[in-house]
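Trainee: I have the model open. Please take me through it, one question at a time.

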Amino acid sequence: MPMVRISDVRKAYADGFEALKGVSLDIHEGEILALLGPNGAGKTTLISTICGITQPTSGSITVGGHDVVADYRGARSLVGLVPQEINLEPFERVMNTVRFSRGLFGKPKDDALLERILRQLSLWDKRNNRIMELSGGMKRRVLIAKALSHEPRVLFLDEPTAGVDVELRRDMWDIVAGLKEAGVTIILTTHYIEEAEAIADRVGVINKGQILLVEEKTALMTRLGQKELRIELHDPVAEMPAALADRGLRIEEGGQVLVYTYDTTQDRTGIATLIREISEAGLVLRDLQTRQNSLEDIFVGLVTEQEDAA
Amino acid sequence: MNWQAIRAIYVFEMSRFFRTLMQSFVSPVISTSLYFVVFGAAIGSRIDEVDGVSYGAFIVPGLIMLSVMTQAISNASFGIYFPKFIGTIYELLSAPINFLEIVMGYVGAAATKALFIGVVILGTSALFVDLTIQHPLAMLAFMVLTCLSFALFGFIIGIWAGNFEQLQLIPLLVVTPLVFLGGSFYSISMLPPVWQTISFFNPVVYLVSGFRWSFFGLADVPIGLSLLAISGFTVLCLVIIWLIFKTGWRIRQ
């Protein structure tokens, strides 16, 4: 039984806009799933529908086996949500607002636990500060503290690192890794592909209310992963030497660089032969570089494909 | 029932109140004192007595009602409108709670604040006039019920309001006139017959009348009718709130 099961969920808003067009997705216990998609792809709507902020038009969602509509108490008590917008009461103090969240989810007062959470998020020194006195990054930490205060089994992070500095992003990744170790299932949305690459176990790509692909990150990278070998020459070539004509090379940077694209999953990549042939053709190498295709390339490829199909 | 959640909302809302305790406490004391100076001393010296009660004492129940109603509405409407306005409502919607628990938390806190202010005004009044309370239990019941029902009404306004202007609109255009024309400062029997008839369409008349009865045993309308009116109003507000949450109107798109 998956931790979260989304079955053919559709969501149409009152103005007729269909934000989700039949989304089905299983999220397993203890994994980190990154949902990638451009703005307006339906990421936030999907999360809001799971968390109870909006109701699905059709289809069903269960969390830990509890239907999010029929058994909303069972489902929601497992779920923590860190929203995209910084929604906090400016005049409240940090500790109060975190305590409020814990109570709201029906959990008895436990200030020792809240202290641990606030310390982990480097917020303990700020516990008696008003929210309005905190920096943007600190406010985002408060949102995370609120979501963690009621010990969720599933944590949704809606664009947790949008507009935060590098240091906080690193911290955030560490926090996510720590939670995963504690067995928490984590779903995060992002449009930073490096983020998905850095921390996710699986990657889902969503666009225009449809899931285009869900796959193990490493499998995805290998399957679609092509590598480029960039061969920098000592002396530029004006045109491709005849001996190399059928190797599928590309000339770049005014003849200074030859680019060879190959598939890392193949038994033989043909690199050794190519290097030999290049020196036989009388060219002198200056440098070699390889570059792995990033998720970004894959992502852009998928989204363009969908647009071409439409 | 998620009692922890009700408690969390209640405590959170009350902490806002205690943060501004001076303001919460001082402003009703000052405004009540002003009412006594203006109505009690200046006008009261010419009116003398109403149905055997000194005018100063006669206006006390109306004064309390006036503040309790407006405070209950403004506290409850602000309490639920503010999370909507700044976006923290997401947390209420994603928490394992139902509408009844949300209402109990917010309305309970707003009613408590209004009750507190009602008691402060009662205490302040006792400094200015001799007060007798013939039916203390009935007095308390009326006050609590009024706090609750108007807090419920305020909650509805808070959910309906799309901006701060709308938040003030109903209290300003509907509630304040009804309260001032509801017999707070006069007996309905002092009015010309036409206005007496019109007054009986004003729900506030029944509340003020019932409340005044608990002090002096005097009423413009039978006490049973007053009880019926306040209970009916409470039930009506509850039904509307239940419908709002059932349909998700203005809350859950």
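Trainee: How many Å separate the centres of domain 1 of chain A and domain 2 of chain A?
Mentor: This is a predicted model, where local features need pLDDT of at least 70 and side-chain atom pairs count only at pLDDT 80 or more, while totals for chains, interfaces and linings use all residues. Residues are numbered from 1 along each chain as its sequence is written, chains are lettered from A and ligands numbered from 1 in the order in which they are written. Domain 1 of chain A covers 4-222 and domain 2 covers 226-292, with bounds from an automatic or database domain assignment. Taken over C-alpha atoms, the centres are separated by 45 Å.

Trainee: Which element gives the largest share of the side of chain B that touches chain A?
Mentor: The contact takes 27 residues from chain A and 20 residues from chain B; two residues are in contact if their C-beta atoms, placed from the backbone, lie within 7 Å. On the chain B side, α1 (3-19) and α4 (89-94) are the elements that give two or more residues. Helices here are DSSP runs of H or I with at least four residues, strands are runs of E with at least two, and both are numbered from the N terminus. The largest share, six residues, comes from α1(B).

Trainee: How many charged residues does that side of chain B have?
Mentor: Ala, Val, Leu, Ile, Met, Phe, Trp, Tyr, Cys and Pro count as nonpolar, Asp, Glu, Lys and Arg as charged, and the others, Gly among them, as polar. The side of chain B that touches chain A has nine nonpolar and eight polar residues. Its charged residues number three.

Trainee: Is A:Lys139 buried, partly exposed or exposed?
Mentor: A:Lys139 lies in helix α5 of chain A. A residue is buried if 20 or more other C-beta atoms lie within 10 Å of its own, exposed if 12 or fewer, and partly exposed in between, with C-beta atoms placed from the backbone. Because A:Lys139 has 16 C-beta neighbours inside 10 Å, it counts as partly exposed.

Trainee: How far apart in space are A:Lys139 and A:Leu88?
Mentor: Beyond its neighbours within four places in sequence, A:Lys139 is in contact with A:Ile86, A:Leu88, A:Ile131 and A:Leu134. A:Lys139 and A:Leu88 are 51 residues apart in sequence. C-alpha to C-alpha, their distance in space is 7.9 Å.

Trainee: Is A:Glu159 buried or exposed?
Mentor: A:Glu159 is in the loop between β7 and α6 of chain A. Its phi is near 50°, a positive value in a residue other than glycine. A:Glu159 has 22 C-beta neighbours inside 10 Å, so it counts as buried.

Trainee: What about A:Lys208: buried, partly exposed or exposed?
Mentor: A:Lys208 is not a glycine, yet has a positive phi of about 50°. It sits in the loop between β9 (202-207) and β10 (210-216) of chain A. With 18 C-beta neighbours inside 10 Å, A:Lys208 counts as partly exposed.

Trainee: How many charged residues are in the contact of α3(B) with α6(B)?
Mentor: Helix α3 (residues 55-86) and helix α6 (residues 136-160) of chain B pack with their axes 7 Å apart, at an angle of about 40°. Axes are lines fitted to C-alpha atoms, for helices over the stretch in contact, and angles run from 0 to 180 degrees between N-to-C directions. By class, the contact of α3(B) with α6(B) has 17 nonpolar and seven polar residues. The charged count is no residues.
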